[in-house]
Amino acid sequence: MHAEQLDPAQSLPRLPSPQKLLAESVRLISSRDPDLRLIARTLGSDPVLSMLLLKAVNSGYFSLRSPVQNVGRAVALLGANTLRSLLICVLLREVVAGCELGRYPIEHFWESSARRAVLARHLAIASGTAAPEDCFTVGLCQDLGVLLSITETPRESCLHAAAMLLPCSERLRREQQRGPGHDQVAARWMEDWQCPAGITVPVRFHHAPELAPAAHVDVATIAHAADAMADLWFVKDRNTAVSHAEQAIGMVGLSSWHLDQLVDAIEGEMQRTSTLLGITRAHSFSRKPRLTGSRNRQSGTRMRVSS
């Protein structure tokens, strides 16, 4: 698999832009040592962002005894990692709102993005190879390029919709026959908006993690594995999906035996995460996949999963 990068001189015209305050908030929360007080003041200066933040912190995800009514308290309760994921989701939703998606179902995008993010977090915990929240954020962003590509060429919405039930590697191959893959489109857009390298670089290389710079190989590999595992819910050819998922999680040191545990571990968190991020799930893809086609799932050491 080749991660063909866009020519730096090649522009990406007409791509939607998030509002500057939101983009700045994402940059602030993604810094090495984020100043939560500064971020709270920045978010508090925008009524819409303040409302979204308070709605999230008062959702069923946290089950608070009494509602939170000010932005500073909401930021403190969420913490840097959860706040970053929430703000990036808000940024994505704003970008998506400016996209002409034709026949591509937006519910599928949100369902698959949330599932990749949750899977990436659990894969990071189970393998111990990367920071779980970094992997969650990359999982949430890594297919943004699909929507950006449709915005650039609306007539391709039918092609992307028709490819939804194909394995991730086949979807990428078809994209590259027409132009840059979604991995490169997303990475270029994120670079233009000064998203941190810890997110942008793994997004660029999530289909070819072996080509990523050394500092980003582990997160890119987790993102690659999460992509393959998400196919278990979406791809029609179940045996192919299971085989690809087994190979991918092997790249992070896990065995085929772990697939059942990973699938079971994310189900409850998917609903909580969707509630927190305000994501509408596609009901036809929300059921637990059957893994009867996988081979040699033998007992072994129980993996670590988050509660």
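Reader: Which helices each supply at least two residues of the lining of the largest pocket?
Author: Helices are DSSP runs of H or I with at least four residues, numbered from the N terminus. A pocket is an open set of points on a 1 Å grid over the protein atoms alone, where a 1.4 Å probe fits and protein lies on both sides within 12 Å along at least five of seven lines; lining residues have an atom within 4 Å of a point. The helices that each give at least two lining residues are α4 (71-97), α6 (132-141) and α11 (197-204).

Reader: What kind of model is this?
Author: Residues are numbered from 1 along each chain as its sequence is written, and side-chain values use heavy atoms, leaving out hydrogens and water. Local features need pLDDT of at least 70, side-chain atom pairs count only at pLDDT 80 or more, and totals for chains, interfaces and linings use all residues, as this is a predicted model.

Reader: Is Asp46 buried or exposed?
Author: Asp46 sits in the loop between α2 (36-44) and α3 (47-57). Buried means under 20% relative accessible area and exposed over 50%, with partly exposed in between (1.4 Å probe, protein chains only). The relative accessibility of Asp46 is 13%, so this residue counts as buried.

Reader: Leaving aside neighbours within four places in sequence, with which residues is Asp46 in contact?
Author: Contact means heavy atoms within 4.5 Å. Along the chain, Asp46 and Leu21 are 25 residues apart, yet their C-alpha atoms are separated by 8.1 Å. With those neighbours left aside, the contacts of Asp46 are Gln19 and Leu21.

Reader: How far apart are the end C-alpha atoms of helix α12?
Author: In α12, 16 of the 18 residues are buried. The expected span of a helix is 1.5 Å times one less than its number of residues. For residues 217-234 that gives 26 Å, which agrees with the distance between the end C-alpha atoms, 26 Å.

Reader: How many disulfides are found in the whole structure?
Author: A disulfide is a pair of cysteine sulfur atoms within 2.5 Å. Cys135 is buried at 1% relative accessibility, and Cys195 is buried at 17%. The nearest cysteine sulfur to Cys195 is that of Cys141, 7.0 Å away, and Cys195 is in no disulfide. The search of the whole structure finds a count of zero.
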